[in-house]
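Reader: I would like to go through the charged side chains in this structure. Could you take me through the pairs one at a time?

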Amino acid sequence: MSIAHYFRCFSEPTRWRILHLLRQGPLCVCHLQEILDEPQAKISKQLAYLKPYGLVTARRHHNWTIYSLPPHLPAEVEAMLDLPLDEADQKTLTADRLRRDALLRRLVETSEAPEPIGVLLARGEIGCC
């Protein structure tokens, strides 16, 4: 894929935020919807845009689709995700991370499983809220 395609993937703020969230671990569409406070259709559209470029992987489990980053992202993508952020972008990503942490805590509290939530999400054993 050309560098121009990567820049297009990062040019839409929702896609950029999704990639940063998935860098922390797998999430279901409904989790992304809740964290980003965006409609399901918008989240799905952005994930569908990223998928053909190999920037996200999807795995079905029952009614849920669990999204994650591929095991090996291209070096250009890693570099883009590691770029220094301005104050506004840093604030946005910090807020996203805090909402993700709160969501995962809530899922852990309501789950009867003894394993960490990230393991359950990765295996597709926990899906929509």
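Reader: Which residue meets the side chain of Glu34 in a salt bridge?
Author: In this predicted model, the partner of Glu34 is Arg106, and the salt bridge spans 2.8 Å from N to O.

Reader: Where do Glu34 and Arg106 lie?
Author: Glu34 is in helix H3 (residues 29-36), while Arg106 belongs to helix H6. The pair therefore ties together parts that are 72 residues apart in sequence.

Reader: How many salt bridges does the structure hold?
Author: There are six salt bridges in the structure. One of them joins the side chains of Asp96 and Arg17, at 2.6 Å from N to O.

Reader: Which helices hold Asp96 and Arg17?
Author: Asp96 sits in helix H6 (residues 87-110) and Arg17 in helix H2. Helix H2 itself covers residues 13-22.

Reader: Are those two buried or exposed?
Author: Asp96 and Arg17 are both buried. For Arg17 the relative accessibility is 13%, so Arg17 falls under the 20% limit for a buried residue. Asp96 has a relative accessibility of 1% and therefore counts as buried too.

Reader: What does Arg17 touch, leaving aside residues up to four places away in sequence?
Author: Arg17 touches Leu36, Thr92, Leu93, Asp96 and Arg99.

Reader: Turning to Arg99, which residue does its side chain meet in a salt bridge?
Author: The side chain of Arg99 meets that of Asp96 in a salt bridge of 2.6 Å, N to O. Both residues lie in helix H6, three residues apart, which is about one turn of the helix.

Reader: How accessible is Arg99?
Author: Arg99 has a relative accessible area of 36%, so Arg99 is partly exposed.

Reader: Which residues do salt bridges with shared partners join into one network?
Author: Arg17, Asp96 and Arg99 are joined into one network in that way. Asp96 pairs with Arg17 and also with Arg99.

Key: Residues are numbered from 1 along each chain as its sequence is written. This is a predicted model: local features need pLDDT of at least 70, side-chain atom pairs count only at pLDDT 80 or more; totals for chains, interfaces and linings use all residues. Side-chain values use heavy atoms; hydrogens and water are left out. Helices (H or I, at least four residues) and strands (E, at least two) are DSSP runs, numbered from the N terminus. Buried means under 20% relative accessible area, exposed over 50%, partly exposed in between (1.4 Å probe, protein chains only). Contact means heavy atoms within 4.5 Å. A salt bridge is a side-chain nitrogen of Lys or Arg within 4 Å of a carboxyl oxygen of Asp or Glu.
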